[in-house]
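Colleague: I would like to go through this model with you, one topic at a time. Could we begin with the helices and then turn to charges and voids?

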Amino acid sequence: RRLLHGVYPKAPRACAPIECPRTEPPHLPRARACAWADAMEKSALFDRLSACGQGHVFDHWASLNADERAALDQQVSEIDACMAGGFEALQPALIDAIKKHEEARAGDIECPPTAWVGRADGSDSAAEEKWEKMGLELVAKGACAACVLAGGMGTRLGSSLPKGMLGDKEAGENFLPSGKSLFQLYSERILTIQRRAQKHAGLEKEPTVWFLVMTGEATHKLITDFFERKAFFGLRQEQVLFFQQGIMPCFAPDGRVLMETHGRIATSPDGNAGIYPALRRTGVLDKLKAAGVRWVQAFSVDNVLVRVADPVWYGYCEDVGADVVVKTVPKRIWSEAVGVVTLRGGAPGVIEYSEIGDERAQEQHLPGTLKYDAANICLQAYSLDFLCGPAQDYKTLWHIAKKDIPTIDGKVPGIKLEGFIFDVFEVAKCFRLLQVDRAAEFSAIKNASDSGKPDTPQTALSSLSRLHRRWLRAAGVKVPEDGAEGQGPVCEVSSLLSYRGEGLEQIAATVDASIDPIVVP
């Protein structure tokens, strides 16, 4: 009863060993009966899990010490709180996800209407200037927040640390000449926007852009400790709000929850859709509402070019009055492995590259122009009203991933459930797109530099260098022109100095463009 009302029971006291009952339940082996008898102290949990086919979670309760029992009890409670409907809803969610996975996702799709698409790709400078001014005014009023989705580890990069630490000497690979981490870049971009908004509005005090950092079970302490060691990269401690996404148990093919150890369920993060319940569960939405925030931009931690707290984006959101605005870029080629923003049954969403099919992916709108061209790059902005309302009412659509899961019996075939951040788009009453310049705003880091694959720290450095060389040339610095394939000297302009290339004319005469790397601090 306490669990159902969101009140976690206290850690169980240590208890003396008891003997197994002489008459054990006929459906349980003797070892299971011992655990069953010893679990009577926690009948509220045991009965609930047994009723939904997961009683084996407590099979080894008798062998656990008091701390291990408390940890297992707490983990069950956390999973129960993260899942709408609690543990009882897990197996139905798994069955539904498997059914949808096995079914062909049929149905017509169509492109978003042209009227839904704004352009901030350099093709309409007057509109961008208007939106930027509107955005700076919103920042000056304290109406803006930015959220980095930073729950993942850098495993595919060969690191055992959170992705956002990449670039710092603590993480091993310094891929930027400055030695800054991704977290530092993003924090400094917020500082620059705050100063620009202060100057724009003529304020005595620098306004606040709230920086939300979504962590995971495995990364939370590593990230919070890192920010503390780095003095929050110049941000005020109180403006950085850490919140942890939820967890989901891993399943065997028969639907039973897998156990990592005798006293721990095998779990995985609940996907980037975990942002929605986590913002509510951790009280972040209440804090933002009390602070007068109107707009929240969310972005993936691995995009080195992301314009964090982009005033143009805030201004566009305000101008069109949207619930959700996603930034998109044109696909490079029809076969690029990226989802595209479409309408399905009249509702906005994202169709994955694995779903769209070759024939449809190659359809053209005009000669030489792909019909389904709005590549989804995990950049989405929301009104706070949407995050507090429809996003909370939305029932997560779970997707399955078949993986080998580390368990007490070694690695076994299993199933993970995760939610996708874009599924909620379908309930937005006003959904809009903002097309941006890929070269200025998107370069992801997905793989290790020595992997032989694209989207590595080195390709990200190349993208950043090309962009910053372009900035310096526009400011009058005589930087050599790029080669045929875009190659040139490594170049890094400090995020504290310029946000999108502005203000560099003042320091152009001091930049030595004959060296490599060119670093403008």
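This is a predicted model: local features need pLDDT of at least 70, side-chain atom pairs count only at pLDDT 80 or more; totals for chains, interfaces and linings use all residues.

Colleague: Which residues of α5 are buried?

Modeller: The buried residues in α5 are A127, E128, W131, E132, G135, L136, L138, V139 and A140.

Colleague: Why would residues three or four places apart point the same way?

Modeller: An α-helix has 3.6 residues a turn, so residues at that spacing point the same way.

Colleague: What covers the buried residues of α5?

Modeller: The cover includes β2 (117–120), β3, α6, β10, α10 and β19 (431–436). After the helix comes G142, with a positive phi near 75 degrees.

Colleague: And α16, how many residues does it have?

Modeller: Helix α16 (residues 457–474) has 18 residues. From first C-alpha to last, α16 reaches 26 Å, close to the 26 Å expected at 1.5 Å a residue. Its buried residues are P457, A460, L461, S463, L464, S465, L467, H468, R469, W471 and L472. Among the elements that cover them are α6, α15, β20 (491–493) and β21 (518–520). G476 follows α16 and has a positive phi, near 105 degrees.

Colleague: Changing topic to charges: how many salt bridges are there?

Modeller: The count comes to 29 salt bridges. Side chains of opposite charge can pair when their charged atoms come close. One of the salt bridges joins D168 and K230, whose closest N and O atoms are 3.1 Å apart. This pair links distant parts of the chain, 62 residues apart: D168 is in the loop between β3 (144–149) and α6 (182–201), and K230 is in the loop between α7 (220–229) and β5 (240–244).

Colleague: Is D168 buried or exposed?

Modeller: D168 counts as buried because its relative accessibility is 5%, and the cut-off for buried is under 20%. K230 is partly exposed, at a relative accessible area of 26%.

Colleague: Which residue forms a salt bridge with E188?

Modeller: E188 forms a salt bridge with K180, and the closest N and O atoms are 2.7 Å apart. Both E188 and K180 are buried.

Colleague: What about R307, which side chain does it meet?

Modeller: R307 meets E441 in a salt bridge, at 3.4 Å from N to O. Here too the pair links distant parts of the chain, 134 residues apart, with R307 in the loop between β10 (295–300) and α10 (311–320) and E441 in helix α15 (residues 438–441). R307 counts as buried at 12% relative accessibility, and E441 is buried with a relative accessible area of 2%.

Colleague: Which residues are linked in a network of salt bridges?

Modeller: E128, E132, R196 and R500 are linked in such a network. E128 and E132 are also among the buried residues of α5.

Colleague: Now to voids. How many cavities of 30 Å³ or more does a search of the whole structure find?

Modeller: The search finds one. The largest cavity has a volume of about 120 Å³. Its lining has 13 residues, of which R189, L467, H468, W471 and Y499 lie nearest the centre. Helix α16 gives the largest share of this lining, four residues. By type, the lining of the largest cavity divides into eight nonpolar, three polar and two charged residues.

Colleague: And the second largest pocket, how much space lies there?

Modeller: About 630 Å³ of space lies in the second largest pocket. It is lined by 28 residues, and those nearest its centre are A84, Y394, K395, T396 and W398. Two or more lining residues come from each of α3 (66–82), α4 (90–102), α8 (275–281) and α14 (390–393). The largest share, five residues, comes from α4. The lining of this pocket comprises 17 nonpolar, four polar and seven charged residues.

Colleague: Finally, the backbone: which peptide bond is cis?

Modeller: The bond from D516 to P517 is cis, with omega near 10 degrees. P517 lies in the loop between β20 and β21.

Colleague: What is the phi of F233?

Modeller: F233 has a positive phi of about 55 degrees although it is not a glycine. F233 is in the loop between α7 and β5 and counts as buried at 9% relative accessibility. D455, another residue other than glycine, has a positive phi near 60 degrees. D455 is found in the loop between α15 and α16 and is partly exposed, with a relative accessible area of 32%.

Notes
Residues are numbered from 1 along each chain as its sequence is written. Side-chain values use heavy atoms; hydrogens and water are left out. A salt bridge is a side-chain nitrogen of Lys or Arg within 4 Å of a carboxyl oxygen of Asp or Glu. Buried means under 20% relative accessible area, exposed over 50%, partly exposed in between (1.4 Å probe, protein chains only). The expected span of a helix is 1.5 Å times one less than its number of residues. Contact means heavy atoms within 4.5 Å. On a 1 Å grid over the protein atoms alone, a cavity is a set of points where a 1.4 Å probe fits but cannot get out, and a pocket is an open set with protein on both sides within 12 Å along at least five of seven lines; lining residues have an atom within 4 Å of a point. Grid points are joined across faces, edges and corners, and a volume is the space filled by probe spheres set on the points. Ala, Val, Leu, Ile, Met, Phe, Trp, Tyr, Cys and Pro count as nonpolar, Asp, Glu, Lys and Arg as charged, and the others, Gly among them, as polar.
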